[in-house]
Every structure is written in structure tokens, then in C-alpha cells.
Amino acid sequence: EPGQALALLPELLPQRPLRVLLEDAAPLTPGQETFFSACRWMGVEVRAASGSQGPVRAPEGVRVRFAFPSGRYAWPALLADIARDALGAAADRGAAPAAVAAPAAAAGSAAGDDGASSCEDASGSADGYRDGRSAGAQAAAVVVAAKDSAVLFGRVAPTLVRQGHAVALRGRRRFADTAFGRAICSLRRFLDEGQAGGVAHIEGYGDIAPTDVERWDRVDLADWALSPFSGMTKKAAFKLDADMRADRTARRSDLCARLRGDNPMFAAMERLALQLDVQAAAELEAVVRRMTNRSEAWRVEQLAALRALQRAADAAKLAGLGADAAFDQAKRLKVNVSRIVAPRGCDGAALGAPDVLVTDQNTAASLGSGSCKVLVATDLTSAAYPAADSEDASRVLLEPLGVKRADSALARMRRAFFALEHAATDQLIL
């Protein structure tokens, strides 16, 4: 735990004079204050981040405006128009766009499995793809801060790419929200007999012990069957779902036996879902690499999700825990989905800073002052960013003892908005 680490570190660190500067810092937590108090050889200076005190006007020269009065400012077409206008204005002033290439043919964007694949399809090829993990460190003409940056990127990027602009995503996606994560979690729920523990109560029949009835949901198996990791055609997957609907007495063991006989992919997924088998993980990695009908960005994302599950399995093994703990941990992990897409014919190696960067609010706030010409802040609602601190057991127990929170959700929101205001040099669009 972080608190335990802070308690142990003072005795392990070399005791030599050291000057520590915390720039743009949030208020120190009680654990951090105790740590610095114990490290008397450190000279600590805390420069608090600006914006916590309340609303601050935007810097001089930055125009603040609302994109859409009804609040639908995250509508993809509107964002695409805003970005196009901003990039057009920059080009009129002599600033060359990052992507110097003829726009791709105006073909309708193909429906992909997620935002990444749909964007790659719209660009015409995956040649413009490269890992975008460093994209956030580069300046962009337009920065869009969104609650779910990966989803918004998939909706707005195809239009901008067809117009000849390079678009970058810097973000992370939950393991369970990736195509591989959804498939393996659905299959594990279907296979996990441990979830049938306890006593079920069915009206008219009283209490039924778990040994008297199988408790599993056909929806979980149908979700897996319709995923790219089932090895089944859509026709076969729908037939399996129809067979389960037609026969309510179907047993899980019979369905598993049927799938093992017809589908080698099921055997590998089953071993991975129940035993976290290393050989099964290697087989699935090879399968993903052979999915050349999918975009490169999609394949990279699924491989990252597979490796995240392997890391969780290794950590659980070191701790002496089983597959349940590994999957619980994996569901909390996030997978890097950063990427850059550019128009067809663009030289990926020569591609500089993107024209448009789509990212989350925290990343946009950390880009620095004057890092973009136009910043579009979407999803500024209480549902997306609640201003209330969550109540938990630690707060209830520790606050009466005098250990109070040094920060608040409202102060964090104010600091983030202050940073967003100062990131733009021309316009801040809300």
C-alpha cells in the first residue's frame, strides 16, 4: 500500500542533503507530510498548482466560446467542423498542417469493431499508423479533451482523415472494454462453476442447492461466440444462440463438449479462461497476428490486452493466488490505445506533430501552457466529472481522528480547468 511504502522509505533512503521541489503540486496528503517530516535531510518546497482558489479568467488573447447551447458539444460532426475551421485558419496564417498528402478518397467509413479499427478503415490503409504514446508530448493545433477519448476518436477521426489531417489519440481503455477482454471475461463467466455456489430460491419450488441446477447465462456464451476470438462465423454463432434458446434444458457440459469437438479456438480460450495457460496465451497471440483482415491498430490493442492478462496472472502467481484474483486484477487494468492515423499516401516516418490530438482531460491539462492553438473541452457535466467527494470507510473512520483529506474533487476540477484555459493560445471551446 502507498502508506506502508511511505512509512518504510525513510529508513531505506540514503541520508544526504537533498532539495526537493514539487511544482504545480496538489496539497500533500497526511502520509506524504509524515514522510517528509521523517526525512529531515530533505529540504522540501511545495509550489501549489494554480486554480484551486476559484474561477480565473482565461489568458489575454484567448477567446472563450460555447460550441452548442444545448450541450451536445461532443457531437462528432460538430467537433470535426470545429477542428477543420481551426486548421483552416492556421493554414491561412501560414502554418502548414502536419499531414502533407492528398486526402483519401471520400469513401464511407467502414464499420469497425471499435473506434480504432473504424478510423483505420477510413484512412484507407494502416500505413499511417504508428504508436502514439509520445503524441501527448508534441504540440497539436487542436486538442480535444473528452471523458472517453477512445470512443470520441473513433467517431471524429475518420472525417478529419478524409479531409487530409493527421489525428492522434492518447488514451487508455479498460481491459474489459477491449474486444479480447470482453470475450475472455464472457467465456470465464460461462465456464466458472464456482459462481453457482450458494442457494437459489425459485418461487413455488423453495430453496434449490447448487448441485440440483446449473446456473449459467446463455448470453455470456453468445457474447463470446459473436466475438472475433470464437473462431466461429456469424452464421454458426447465431445458430448456437438459436439452439440454446430452443432447448432450455441444455447443459453447460454438453455445450462445451460440442464446442471442443468443432472449434480449436474454444479449447485455447477455455484453457486460458480457467487455468491461465501460458501455451494457450501464445496460441491466441499467434491467432491475433494472423488476423490481417483487421486493422493494425486493432491487433496491437488486443495484443496489449492479452499481455495485460498475462501480467495479472504472473502477479497472482507470485502472491500465491489463483485465476479468480488474476481476473479481478485484470478487470481493473487499462490498456494503452494511443495511435496516430493519417491520410493515404502520408509518410508515417516523416509525420511530425498531429493536427488534432484527442485525449482525456487530465492529459490535456498536463500538456502545458500554450501547447495548442485551440482546446475543445467536452463532457463538462456533473455526470462525467462529479464535484463531490466519494464517501468511503477510510473517510468515515479517519476524519474523526483528525486525519482529513487534504484535497477535494472541486479543487481538482478547478486546477484542471485552469490548466485547460492556459493550454490554448487562440480559443477555448466549451
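**Walking through the fold, one residue at a time**

Let's begin with Asp241, which counts as buried at a relative accessibility of 14%. Here, "buried" means under 20% relative accessible area, "exposed" means over 50%, and "partly exposed" is what falls in between (1.4 Å probe, protein chains only). Before going on, keep in mind that this is a predicted model, in which local features need pLDDT of at least 70 and side-chain atom pairs count only at pLDDT 80 or more, while totals for chains, interfaces and linings use all residues. Residues are numbered from 1 along each chain as its sequence is written, and side-chain values use heavy atoms, with hydrogens and water left out.

Back to Asp241, then. This residue lies in helix H8, which covers residues 234-246. Helices (H or I, at least four residues) and strands (E, at least two) are DSSP runs, numbered from the N terminus. Leaving aside residues up to four places away in sequence, Asp241 touches Arg218 and Ala222, where a contact means heavy atoms within 4.5 Å.

With Arg218, Asp241 also forms a salt bridge, and the closest N and O atoms of the two are 3.2 Å apart. Arg218 sits in helix H7 (residues 218-225) and Asp241 in helix H8, so this pair ties together parts that are 23 residues apart in sequence. What counts as a salt bridge? It is a side-chain nitrogen of Lys or Arg within 4 Å of a carboxyl oxygen of Asp or Glu. The general idea is that side chains of opposite charge can pair when their charged atoms come close.

Stay with helix H8 a moment, and look at Asp243. Its side chain meets that of Arg258 in a salt bridge, at 3.1 Å from N to O. This pair links distant parts of the chain, 15 residues apart: Asp243 is in helix H8 and Arg258 is in helix H9 (residues 252-262). Asp243 is partly exposed, with a relative accessible area of 28%, and Arg258 is partly exposed too, at 33%.

Now follow helix H9 to Arg260. The side chains of Arg260 and Glu270 meet in a salt bridge, at 2.7 Å from N to O. Glu270 belongs to helix H10 and Arg260 to helix H9, and the pair links distant parts of the chain that are 10 residues apart. Which of its two ends is buried? That would be Glu270, with a relative accessible area of 12%, whereas Arg260 is partly exposed at 42%. Elsewhere, salt bridges that share partners join Arg19, Glu45 and Arg47 into one network. A search of the whole structure finds 18 salt bridges.

Carry on past helix H10 and you reach a loop. Leu276 is found there, between helix H10 (264-275) and helix H11 (278-289). Most residues other than glycine have a negative phi. Leu276, though, has a positive one, near 55 degrees. This residue is buried, with a relative accessible area of 16%. Further along, Asp379 has a positive phi as well, near 60 degrees. Asp379 has its place in the loop between strand S13 (372-377) and helix H15 (393-398), and at 22% relative accessibility it counts as partly exposed.

What about the surface? Lys147, Arg172, Arg311 and Lys334 gather there in a patch of positive charge. Patches are made of residues with over 30% relative accessible area and no salt bridge, with like charges joined within 9 Å and nonpolar side chains (Val, Leu, Ile, Met, Phe, Trp, Tyr) within 5 Å. Glu11 and Ala38 are 27 residues apart in sequence and 8.9 Å apart in space, from C-alpha to C-alpha.

Finally, zoom out. The protein has 16 helices and 14 strands, and buried residues make up 42% of its 430 residues. Among contacts between residues at least 6 apart in sequence, 76% join residues at least 24 apart. The accessible surface comes to about 23,000 Å², and 53% of it belongs to carbon and sulfur atoms. Such areas come from the Shrake-Rupley method with a 1.4 Å probe, and for residues only the protein chains shown count as cover.

Definitions and conventions. Lys, Arg positive; Asp, Glu negative; His and termini not counted. Charge placed at Lys NZ, Arg CZ, Asp CG, Glu CD.
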